[in-house]
Amino acid sequence: MSSPTIAIVNYQAGNLRSVQKALEKFGATAKISSNPKEIDGADGIVFPGQGANDSSMRALRERGLVEPIQRYIRRGKPFLGVCLGLQLLLEASDEGIEPGLGVMKGRTRRLPEGRKIPHMGWNQVRFSNSHRVLGQTTVGRHPVLDGLKSGSFFYFVHSYYADPEERALVIGTTTYGLDFCSAVGWDNVTAVQFHPEKSGRNGLKVYENFVKLVTVV
Amino acid sequence: MLAKRIIPCLDVKEGRVVKGIRFVDHVDAGDPVSMAAFYDEEGADELVFYDITASSDNRNIMLDVVGRVAEQVFIPLTVGGGLRSVEDMLAMLQAGADKVSLNTAAVENPNLIKQGADQFGSQCIVLGLDAIRSPQNSTPRWEVKVRTGNGGGITTGLDAIEWAKQAVDLGVGEIVVNSIDADGTKKGYDLDLLRFLSETVTVPVVASGGAGNLDHLHEALELGRADAVLAASIFHFGTHRIPEAKKFLASKGIPIRP
C-alpha cells in the first residue's frame, strides 16, 4: 500500500487540523470527514473528540455516524480514538444521559474532587506489558506504543475518565487523584485519553505507529 | 505525576513577533513559525500567542500565522487578542489553535464565555485576567483592568477574584492571571494574587507578569500555587533558556516534564 487513507471523523467543532498534519507527516492521506461512506471506505479511522458526552453523541446520531463507526470497529479495521473518542466507546457516562457507542463494557466517570479540574497538562502514562489479541492475552507492548518508554509524558485535557470493566483492555494508566485508564487497546482498536497530536515527539510516535498499523493491515 | 507547565508567550503584531528573541542566531526572531518551532524544540510545554494588531482589518493575518504554526508544532497553542465573538473563536480553533483566550470582550459580555464553552467545551476557553492591586484596602484586593493592550487600560471596579469565580461558573477552563503591578518589573509575580486565586477557583491558574529570574518561576509554582508560569522577556531576551529553567525547577522538587 502506498499511502493509506485515514478518515478523521468530524462531528463537532474543534481543532482537527493538528491530527491531520500529524498523520500526513507519516505519509498517510488524512481526510477530515463526516460522510459515512467516506469513513466506511477508509483504511483506518481516527475518532477525535472534545466537548460533552451528550452533545457529541447527538451530533454523531444526527450525522448518521453511530452505526458506521460501530460496524467499522466490528469489521476489524484500524481505529484510533482520542480523548472523548475513548470515553464514547463505553456504554454510559456520568456526564450525561446519552448512551455511548457501547464498544466496551463500563462507564465514563467524573474525576474525583480535591484537585484542579480539568486535569490539564502533561502527565505520565504507565504502559501495560501485555495486550489482548483475539481474546487472548499477548505478552508485550501494544504496537501503537512501540518505541515509547513507560512513564512518558503526554498532554491531557479532561474532566472525566474511562472506566472499562474488562481491565485486560487497559494498556495505559495515569495518576491524578486516582489511577485511571489513559489508554485501551485490543485487536484493531486503540483509544487514548491524552492528545497525541499535542504531545510533541511522544505523541507523534503514536501517530507514526498507527499509520504503520494501517499500512500493514 | 502532573507536571507544572512553562509557557513562553509571544506578542504578534501584523504577523510578526514583536520583542523578538535576541540570542538565537539561526531562527528569524520575527517569524512566529520559526519561534514556535524553536520553543517546541527547547521543551516549552505550551505556547501562547497574543495578537496585538491594532487594526481589525489585519486580523486574518493571525489566522494564517496560527495555521502555519499548527502545521509544524505539535504542542498546545493558545491564541488571544481581539477575539470578540463565537465566530472569531471558531475561526481560530479551525485554523489550529487549541484554546482561545478572552479578556476585555468577556468583561464587556460575560455571556461570550458561556457561548464559547457550550459550543467548544470549557477546555478551549481561557480567561485572560488583568488585575491591579487596590492600594486603599488593608486586606489585599485586586480590580480587573481592561483594554490594557497599549500600555493604557481602564480599571473596571470589578473585583478580580469575584470575576474569576463568575467566569469559572460561566465555563472557562483555565485562567491566565496577569498582575499589572508586577508586569514588566522583573521583580517577581504577585504571589498573594496567585495564591488567593488558585485557592478560590477550581480550574488551573497560569501566572503571568513579573518574572525576572528562575526563582520567580519557582515562587509562583510553590508559594503562589500556580499550575503553570507564563513568561516572555526572561526567555525572549536570552536571560534564561527553558531547559535550564526546567532543570532548576526539578532541583527544587517541582514536577516538570523533562
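Which residue stands opposite B:Leu10 in strand 3 of chain B? The answer is given in point 2, after a word on the model.

1. This is a predicted model, in which local features need pLDDT of at least 70, side-chain atom pairs count only at pLDDT 80 or more, and totals for chains, interfaces and linings use all residues. Residues are numbered from 1 along each chain as its sequence is written, chains are lettered from A in the order in which they are written, and side-chain values use heavy atoms, leaving out hydrogens and water.

2. In strand 3 of chain B, B:Phe49 is the residue that stands opposite B:Leu10, and B:Phe49 also stands opposite B:Val79 in strand 4 of chain B. Strand 3 runs parallel to strand 1 (residues 5-13) of chain B, joined by 4 bridges, and it pairs in the parallel sense with strand 4 (residues 77-80) over 4 bridges; strands pair if DSSP finds at least two bridges between them, and strands (E, at least two residues) and helices (H or I, at least four) are DSSP runs, numbered from the N terminus.

3. Because 4 of the 5 residues of strand 3 (residues 47-51) of chain B are buried, this strand is largely enclosed by the rest of the structure; buried means under 20% relative accessible area, exposed over 50%, and partly exposed in between (1.4 Å probe, protein chains only).

4. The structure holds 0 disulfides over all chains, a disulfide being a pair of cysteine sulfur atoms within 2.5 Å. For A:Cys83, the nearest cysteine sulfur, that of B:Cys124, is 10 Å away.
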